[in-house]
Amino acid sequence: MGEKSFKRLVTTGIFTVFILTACNIFNPSGEGDLPETSEGKLSVGQSLLQSGDYAGAMNAFKGAIEDDSTNSFAYYSYAKAARFKHELNGLQLSKELTGLDGSSVQVPFLDTETELLNTYLGATTIIRPILEILITRDSLTRWYNDYDDESKTSKNDIARRAIMDTYWEDGKNGVAGTHPKSDFPLSDGVINFEKVTPDMALVLVVHVFASLKDLNGDGVID
């Protein structure tokens, strides 16, 4: 990685710290935004989360996702429970990252203990894909909702329709990671991508820098 590219990555890390207060999963207060719900496994998971049984909460939210894959709150809550289970502290992460200086090349977590680094790496390895699924499902559902809107005639709108046509054809043909049009909408939109984008940014930055010390790529920092 060149010095300019590295500095840009460092600057991204600093920016992410500034938007930490906009996070929900990594809300510094530890509370975040957990709307009330009475839906079966979601309600159970929320009760377990509030009582401190984070592994139990994750299992309940996973069950809620299996019951209804469009339930965006279930994905969000699973990521929230994983954050607590792995004891990821937003304020601690901000301290790790605010030592960066955009005018010089400094590596975050350089002096962080190996055990804590493994916590960061393990937690973000779990949280990142679940947020990616939530964001992808929300984005695709928006494009699906706009597909038949005749007022949307820009080049970007036309390009998105073409992308969706290809995506749906792949889904019909069973291409992994895609869905046929009949599966849409993929998200209920309760938790949209704007809500978790700050969390995703922080997860990505932490994961990238923690992974730099995973020299053999086995997911464990020795």
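In which helix is S51 found? S51 belongs to helix α2, which covers residues 40–51, where helices (H or I, at least four residues) and strands (E, at least two) are DSSP runs, numbered from the N terminus. This is a predicted model, in which local features need pLDDT of at least 70 and side-chain atom pairs count only at pLDDT 80 or more, while totals for chains, interfaces and linings use all residues. Residues are numbered from 1 along each chain as its sequence is written, and side-chain values use heavy atoms, with hydrogens and water left out.

With a relative accessible area of 55%, S51 is exposed; the term means over 50%, whereas buried means under 20% and partly exposed lies in between (1.4 Å probe, protein chains only). A polar atom of the S51 side chain lies 2.9 Å from the backbone oxygen of L48, and a polar contact is a pair of N or O atoms within 3.5 Å, of which, within protein, one must be able to donate a hydrogen and the other to accept it, while residues adjacent in sequence count only if both atoms are side-chain atoms.

**The chain as a whole**

The secondary structure comes to eight helices and zero strands. Of the 222 residues in the chain, 41% are buried. Among contacts (heavy atoms within 4.5 Å) between residues at least 6 apart in sequence, 71% join residues at least 24 apart.

The 14 residues of helix α3 (residues 54–67) should span 20 Å at 1.5 Å a residue, and its end C-alpha atoms are 20 Å apart, which agrees; the expected span is 1.5 Å times one less than the number of residues. At the start of α3, a side-chain oxygen of D53 comes within 2.9 Å of the backbone nitrogen of G56. The buried residues of α3 include M58, F61 and I65, and the buried residues of this helix pack against α2, α4 (72–85) and α6.

Helix α4 also has its N-terminal end capped, here by N71, a side-chain oxygen of which lies 3.2 Å from the backbone nitrogen of F73. Because 13 of the 14 residues of α4 are buried, this helix is largely enclosed by the rest of the structure. After α4 comes E87, whose phi is positive, near 55 degrees.

**Rings and charges**

The structure holds seven aromatic pairs, counted where rings of Phe, Tyr and Trp (its six-membered ring) have centres within 6.5 Å; planes under 30 degrees apart count as stacked, over 60 as edge-to-face and the rest as tilted. Y144 and W168 form an edge-to-face pair, 6.2 Å centre to centre with 85 degrees between the planes. This pair links distant parts of the chain, since Y144 is in helix α6 (residues 114–146) and W168 in helix α7 (residues 155–172), 24 residues apart. Y144 counts as partly exposed at 24% relative accessibility, whereas W168 is buried, with a relative accessible area of 7%. Ring pairs link Y144, Y147, Y167, W168 and F184 into a cluster.

Charged side chains over rings are listed below; a charge sits over a ring if NZ of Lys or CZ of Arg is within 6 Å of the ring centre and within 35 degrees of the ring normal.

| Charged residue | Ring | Distance from ring centre |
|---|---|---|
| R83 | F84 | 4.2 Å |
| K195 | Y76 | 5.8 Å |
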